[in-house]
Amino acid sequence: MSLLPFLADRIREAGFSCLRCGSCCRETEPGSNLVMVGHEEISDIMEHTGLSFGEIAEPYPDRILEGDLDYTFGWVLRRTGDRCRFLDESSCQIYPVRPWICRTYPFVFDENGLTIHPCEGTGQNVGSGDAEKIAQDICRRYAYEQEQDEKIRAIVRSGTIPAGRPVVIDAEGIKDYHG
Ligand code: SF4
């Protein structure tokens, strides 16, 4: 069975309907609402909102310190207190351009297979065609992440991480860290 129907079957078995509770957009445990975003996703949000890159995203908070090197991988959506900055009461202000992670939560597919995170929406009836739609988004997200990760690995392999200043390594290159 190919990946897409396999995922759609698993989603139907688990059951899922988003209850619009906003729980996954709030920090319920440390880092639980970190939303990794790539440049294309940030560009879409910039276009939709008119906000700048820095108003939307900040560096992934876990920095790696190795000798004179100080770096982190990629960007996350900015948060205000314990909430995603785009969470308005319990609705998403950027719903049409929300990142892949938000489109596919609570389902995550990676080299370890499909993981279903705790979510009140699981066990609900899946709407007609919704399992296939979520499965398509999971496949697109996985392909996008694989592509991003490969570009980042190539940068790390090139050994060009500068010493003495914090930087962010993303799929487009090495950027100065700004929190
Ligand atoms: S972008 Fe929208 S769906 Fe994603 S965490 Fe923020 S408020 Fe929630």
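Visitor: Which residues is V37 in contact with, once its neighbours within four places in sequence are left aside?

Guide: In this predicted model, V37 is in contact with I42, A57, W75, V76, L77 and P99. These count as contacts because heavy atoms come within 4.5 Å.

Visitor: What makes V37 stand out in the largest nonpolar core?

Guide: V37, along with I45, I56, L77 and F86, touches the most other members of that core, which has 15 residues. Two elements, α2 (39–49) and β5 (75–77), each give two or more residues to it.

Visitor: Why is E58 called buried?

Guide: Its relative accessible area is 18%, and buried means under 20%, so E58 qualifies.

Visitor: Where is E58 found, and what does it touch?

Guide: E58 is found in strand β2 (residues 57–59). Not counting residues up to four places away in sequence, E58 touches G74, W75, V76, L77, R78 and R79.

Visitor: How do you know that the side chain of E58 makes a polar contact with the side chain of R78?

Guide: The distance given for that side-chain contact is 3.2 Å. The cut-off for a pair of N or O atoms is 3.5 Å, so the E58 and R78 pair falls within it.

Visitor: What classes of residue make up the shell around the ligand?

Guide: The shell has 10 nonpolar, no polar and no charged residues. The ligand is surrounded by C25, V35, L77, C84, F86, L87, C92, I94, P99 and C102.

Visitor: Why is strand β12 (residues 166–170) called mostly covered?

Guide: Four of its five residues are buried. Four bridges join β12 to strand β4 (residues 69–73), running parallel, and T72 stands opposite V168 in β12. Another four bridges join β12 to β13 (residues 173–176), running antiparallel, where V168 has K175 as its bridge partner. With two residues between them, β12 and β13 form a hairpin.

Definitions and conventions. Residues numbered from 1 in each chain as written. Predicted model: local features only at pLDDT ≥ 70, side-chain atom pairs only at ≥ 80, totals over all residues. Heavy atoms only, no water. Core = buried A, V, L, I, M, F, W, Y, C linked by side-chain atoms within 4.5 Å. Buried < 20%, exposed > 50% of the residue type's maximum accessible area, 1.4 Å probe, protein only. Polar contact = N/O pair within 3.5 Å; in protein donor to acceptor, adjacent residues only side chain to side chain. Near = heavy atom within 4 Å. Nonpolar A, V, L, I, M, F, W, Y, C, P; charged D, E, K, R; others polar. Pairing = 2+ DSSP bridges.
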